[in-house]
Structure formats: structure tokens, C-alpha cells
Amino acid sequence: MSMRGPIATHRSATGIPTGRLGTWWLLASEIFIFGGLIACFILFKLNGTPGFEDASLTSVTAGAINTFVLLTSSLSVVLAHAAIEKGDREKSFKYIWYTIGFGLVFLIIKTYEYTGKIIHGHTITDNLFWSFYYTMTGLHALHVIGGMVIMALISFDIRKGYNFQRVELIGIYWHFVDLVWIFLFPLFYIANF
Amino acid sequence: MSQEAATVQTDIHEEHHEELNFLHKYILPTDHKIIAMQYIFTGMIMAIIGGYFAYAFRMQLAFPGELVPFYGLVGPGEYNMLVTNHGTIMIFWVAMPVLIAGFGNYIIPLMIGCDDMVFPRLNRLSYQIFLVSALVLILSFFVKGGGFGGAWTSYPPLSSAAEYSLTDWGSSLWVLAVALEFVSFLLGGINFITTTMNARAPGMKMMDIPIAVWFIVLAVILFMASVGPLIAGAVMLFMDQRIGTTFFLPSGGGDPLLWQHLFWFFGHPEVYVVLLPTLGIVADIITVFARKKLFGYRTVLYTAFATGGLSFVVWAHHQFIAGIDPRMANVFVVTTVLISIPLAEMMFSYIATLYGGSIEFKTPMLWALSFLAAFLIGGVTGIYLGASALDVYFHDSYFVLAHFHYTFFPITIIGMFAAITYWFPKMFGRMMNETLGKIHFWGTFIPFNCIFLPLFFLGLAGQHRRIYNYNHFPDLATQELQDIRVFATASLVVMLFFQLIFIYNFFVSMFKGEKAPNNPWKANSLEWSIPSPPPHGNFKTLPTVYRGPYEYSAPGRDLDYWPQNEPPEKS
Amino acid sequence: MSETHEHPNYVKIWYWLLVLLAISVAGPMLEVPALTLITAFGIAIIKSFLVAANYMHLKFEKKIIWLLLILALCLLGVFFFGTAPDIMMTEGDQWIDCIADKSCIEQRL
């Protein structure tokens, strides 16, 4: 593993590698962004704001399939990390691309869902529920796309043989995106009372 | 493992010193020192814009409806735009970039003894996003309809639809600029925290970190923890403006109060985000110029933790008259008044540091002391505003305005000057002119008090903020009150005039000043152990730390200072 | 760079996650709102805990990361409960039920 950059990057007074520590801080700030939106959503929902009964219109099947896809992608990215720890670059490369593929499936299902809703007139301005639905799932989808792009970049790096630690870092990020979906799924699809 | 790592480290160090061309050194730098300069200079340019806005609207208040020299006629909408963007610029594009991003970038790697930030390219990216955000904000002044005029708090419904704000794209670009700025500081903040946590010099324990570094990092943590909900809120507000959702519009089931909560949940910690770096810088300066150990290092640190923690549970004191639940108001009064305890304790620690010291009144020390004095007034007047009953009268009056200018002016402007005059020799390798520095100090500090002390009395007389022309209010249009307004404006003009001396001193000293030695102030922290200005890579051999940063006048030592990296004598 | 530790059995965790997913989908079919609440959000919490502990290696991570994440969640709680009384108390919004009738609003103002 080649080491580049300033010495500072390779120090570790806490015992946690710098990249991982930085990733955790990034995720901490993401918790507040998604958490803030979720908190607002819950406030309006508990308040009985008109329109929130539309939660029954979202497709539980599509949501469940998407949850399944993301959970599986989490598995494949963690297997990519396990492979690179053993030094198996080709296997890790393969698993990363499986993960990107699952991300793509997720986005396709999401697009299909969006299209269906918009055809039925449930656009973002329909009512507050749909505003939240599109804002939050949209922001989440942006995170998925961002993760896929970064993963693609990393995959070629590791095949060339450097920056192995980044597989773990993108993995942690990807799991976080998965975690957010784990909470969005019951909020938008299941809890319609 | 450690020995192996050490050999690898020296290898990297060798290759790290290659000569860089102009483009990579100054336009796309990864060196933390150059990025710091970029932040500081951008912040100073924005400060000039913010000051110019203040000049324009103060002139309008003093001489309503007359042509303002160097500006022109200030219309009502324009007045709102000037006030709004003065506040936004001064907080988000001056205080934060100069104090946190600028000096944070400059001093953190130097003070903790490493060669750069841990993520140099992330650092560069965060400056670039910041620059874009500044450009977007400036662009927003020139779009059709003019810049946003809904106050820096940007309350909906006023801010959420063009039909109310009358600035269709102005308000959207404003939200966009603020959101970009937040993203930039989030990325920068991750870098600061990780650097301080991981890249400290060997031997530097938690309690050996200079207070300035501690406080900048604490400030960044507060920022990270508070800004998330507001980024979410900014997205929602932007969608309200552009797509037509109704997150904050009651007509569609939304709630304008929600924005206020999202905003102030960030907005109040934000006060401490900009306050803490200045407090830290001041702590370092007063110990150096009083030649004394900081009184109660741990106390100062723990009070900062307490302040930071409490700052998350006081936000609703900005909303006492917004129709919030009165029971919650009770809670927030208690927490608001509580927060003055740790801050007062910190203030006492600083004063106790000065007690019995051999104080040298160099320019940085004057700025540091004036910060303590001015901030004290700001803090004490805040206690009145924290009580909800009094706040009903004072809210949105000039009393509030004077109060927060007595906190923000010392924090931003005085703190900035203290830091610049203190680290100037290190940054540019030359000393600033002391005489000019002192003239500039008195020429800023006295007019500053002349501007804002009278405003307390205007506020007590019932003068409301954000009003374009008081002639429409018979009670407020009296000659006496108008005289006070003219006096405040005249003081502002005097103060702005004295800034020219600073600019002159700054640039002349940068090129023609007396050459600075490595350690002109005889200070302990690590940045003074290397040449001024520090070379690329900072330290020739990375230092090891043996003691805390405040060992001044240690008994039994000939020198009255004791650098952190000086090995203890073997006995 | 990364330290060596026993890996959890990733595939086994995945099986557990799928079982939990099935339960959370099946939950609402019983049509007991209180139970749905548990199967929806209780299981979401368990699932996220499983992912965080095993896939994100929080099990092996230093305490400070735990502290960081717990603090983040606590602060979100502070935000939620500080804001909730205002957003969720509708008695004060007296014009909600007479939004169409202008004279009604004026009378209540």
C-alpha cells in the first residue's frame, strides 16, 4: 500500500485511522441533516396534518423490494471490504460492482415509483406528505448516486493497487445510506395510521 | 509498528518538499497556510462589502431620504436588502471564514506540530465551495428585483414566496449561498476535528493543546451538530420558493414557526461558534503579554464545554414573542440565564490571569483586553433579554441590536484584529508598525462604543429595528432621537476612516516592515519555534512536546518562557 | 492499516436482516396500530443496530465513535422535544377552522 500526502494524514493519536475518523464525523453531520427532516416529518404527522393519510397510497411492495435490494448491497460492500483485507483485489472489485448494480436497481425501482405517483397526480406540491416524500427520498437517492460514483472511482484505484482503506470508508458511508432507508421505509410505506 | 511508521514518515517528508509552480502554490493550494490566507483575504473583502452596506443604511437613518455620498438614494426595499445582507455577510462571510476557517487553518497544524491538515485536498475543496458561495451571494444583489430583504433570519412566509418578499431570485440565491457556505464549513470542520484528534505531535496530551486550538475545534463541533437541521430547513425553504411546496406556509398545512425553530436551533449555537475561537485566541494573547500561566486551564476548558452544551438548549429565547408555548418559554428563560454562569467563570479566569502579571501593552494585547471589556457589556445586557417578560418589550428593538453588536463586534472585528496583529509576524515574516497599530486600535475602539452605546438608549425609547424611515413614527421622529442617530452614524464614518490606517499598515508592513524573528513575542506554542514565515511542510523535524503551552515565568528558570518543544534538562 | 479482529459472519447477519424485513412488512396485516408501531419502528431500530454494529464495525470501534453518535441522536431529541410543543399544539391556531371566513379571523384577532 503506497502512502501519499502529508505526514499528518498518517498520524493516529486516537488509534482510529484518520480516514475512518473523518468518515464518522461526516456521518455524524449527515445524521443531523436527515434527522432534522425526519423530525419535521414526525412532528407534522403526529400533529394530524391533512394529507398524511396518503401514506397508504405508497406501494409497500416496491418499498420492501427496495429495502431488500439495499440490505443486499450492504452485504456485498462489506464482503468487498472483507476481500480487500485478505488482499484479493479482483474479488473486491467484483463485489464493489455488484454493489453499484444493486444501487442501480434501487434507483430504477425508485424511478418507477415516482412515475406512477406523478401519473396519479401526487406531485411534490400535492400536499405536505408528498412534499416530504419527494424531498426525503430524493435527498436519499442523491446520496445513493453519490455513493455509486465514488465506489466506481475507488474500484479502479484498488485494482491498480492503492488506497485499499477506502473500500472500508465507502462501505461505512454506504451502510449509513442503507440505515437512512431503513427508517424512511416504515415512515413512508408502513406507518399509515 | 511505530518504528516502521517513523521510517515511512521520513520518506514521505522528503518528497513533500518539491517546488510547486505558481498555479499549484497560490491558486489551487493544498498547503494549509495558503488556504488560510485565501480565507482571510476573502473574509476581509467581504468585510469591506458588509461595512459599506452598514455605511449606506446608517446614512439613510441619520439623514432619511437624502442622497448618500458614494452610494446614492437608499430606497425602502434597498434598505431591507442592505440590512439583511450586512448581517448575513458579517456572520457567515466574515466571522466564520476569518476566525474559524482562516485562523483555524493557519494555527491548528502549526500549534499541534504537524506538517499540514490531514485532508489537504478536502481543505482546498471547502475553500472553493466557500468562494462559490460568496460569489452566489454577491450575484444575488444584482438579479432582477434586487437582493433578499427578509432579514438574516429569513422568516417565512415573508421569505418563502416571491409574492411576499418581492425578490424572486434574490431570496433563492440567498438561501443557496447560505447552504453552500454551510456545506463548505462542514467539510472544513471535519478536517479540523480530525486533524486535532489524530495528528498531534508526539507527547502532546489533551491538556497540552493550546486553548485557541481547543476552542476552534469545539466551535466546529458545535457548528456541525447544529447546522444539520438548518441545512434540511434550507432545502425545504428553497423548495417552497422555487417549486411551490408549503413546508412553511400555513395555507398548505405547513408551519412558519418550524423554520424559526430550525433556524435558531442553529442560530444560537452559531453565536458560540464564532465566540469560542475569539475567546481562545484572546486566551493565548493575554498569557503571552501578561507573562503568566493561564489561570485554570482546565476550568476554562470545562466552562467552554458547559457553554457549548447549554447553547443547544437556549435557542427559543429568540422566539419569545413569536407565539411559542409559554411553558417552553419558562424553560428557555432558565437555561438562557444559566449559560451566563460558565461564561462569567471563563471571564474571571481571564481576569485572574492578568492579575499580578507583567503586562505589556502591545497592539494584540490592547485588542485582547478591549475584547474582554466590550464583550462584558454585551454579555451583561444579554441577561435582560433572556428574561421573557422583559423581552416582550425589548424584542426587535435597538436594545437587542446594540446588545448583539456588543457581542458580535468584539468577536468578529476586534477578535480578527487581535489575531491578525498577533500572528502577522509569523504569517508574513515581518513586524507590523506598532504606532500605527495603536492609532488604529484607539480609532476603532472609541468610535465603536460611540456607535453602539447610544443605540441602547434608542432601544429603551422604543425604537424598533428594521425601519426605513422614522419620520413616519411621530414618537420616534423627535429631534433628540434624531441627534443620537446622527451621532452614531458620524461615529461609524470615523471608525471606517480609521480602517484605512489598518489597510495601509497591513500592506506596507507586509512588504517593507521590519524583519520578524522566529519568536517575536517570546511565546511558548509550537508555531513560534520555526522560521517566519514557515516553509512548506512547516517543521524541519517534526517536534515532540514536553509541556503545556502556558509555562510563562516558571519558577527556577532564567527565561520567562518555556517553549513546548524544548526538551527538559537532564538532572 | 486496519487492525485485525474476528469478522462477524456477514451472511448470517444478512439472513437476520431479511427476517426482520419480512416481519416489518407483515406487521400491518394484523391491523393493530400499536403493534404496527412496534413492528415498523422497533424493528427499524433493531435492523439499524445490526447493520451499525456488524457491517459498520461499530462493535470493534473505539468508544469515542459511540459517544459521538449517541450525542448526535440526543441532540436531535433535544431539537424534537423543544420544537414539538409549538408545532403540535394547535389550540393556539385559532384561524385554522375558520380560514375561509374573513370576519371570523378578524373577530378572533
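Me: How many residues does the contact take from chain B and from chain A?
Reply: In this predicted model, the contact takes 44 residues from chain B and 33 residues from chain A. Two residues are in contact if their C-beta atoms, placed from the backbone, lie within 7 Å.

Me: Which element gives the largest share of the side of chain B that touches chain A?
Reply: H8(B) does, with ten residues. The elements giving two or more residues to that side are helix H1 (2-15), helix H7 (168-198), helix H8 (211-242) and helix H9 (256-290) of chain B. Helices are DSSP runs (H or I, at least four residues), numbered from the N terminus.

Me: How do the residues of that side divide into nonpolar, polar and charged?
Reply: There are 27 nonpolar, 14 polar and three charged residues on the side of chain B that touches chain A. Ala, Val, Leu, Ile, Met, Phe, Trp, Tyr, Cys and Pro count as nonpolar, Asp, Glu, Lys and Arg as charged, and the others, Gly among them, as polar.

Me: And what does the contact of chain B with chain C take?
Reply: That contact takes 15 residues from chain B and eleven residues from chain C. On the side of chain B, H9(B) gives the most, with four residues. The residues of this side divide into ten nonpolar, two polar and three charged.

Me: Changing topic, at what angle do the axes of H15(B) and H16(B) cross?
Reply: The axes of helix H15 (residues 398-428) and helix H16 (residues 434-460) of chain B cross at roughly 170° and come within 8 Å. Axes are lines fitted to C-alpha atoms over the stretch in contact, with angles from 0 to 180 degrees between N-to-C directions. H15(B) and H16(B) are therefore roughly antiparallel, a term for angles over 145 degrees. Their contact includes Phe409(B) of H15(B) and Phe452(B) of H16(B).

Me: What is the average pLDDT of chain B?
Reply: Chain B averages 92, and 96% of the residues score at least 70. pLDDT is the predictor's confidence in each residue, from 0 to 100. Over residues 1-17 of chain B the pLDDT is below 50.

Technical notes. Residues are numbered from 1 along each chain as its sequence is written. Chains are lettered from A and ligands numbered from 1 in the order in which they are written. This is a predicted model: local features need pLDDT of at least 70, side-chain atom pairs count only at pLDDT 80 or more; totals for chains, interfaces and linings use all residues. Angles under 35 degrees count as roughly parallel, over 145 as roughly antiparallel, 65 to 115 as roughly perpendicular and the rest as oblique.
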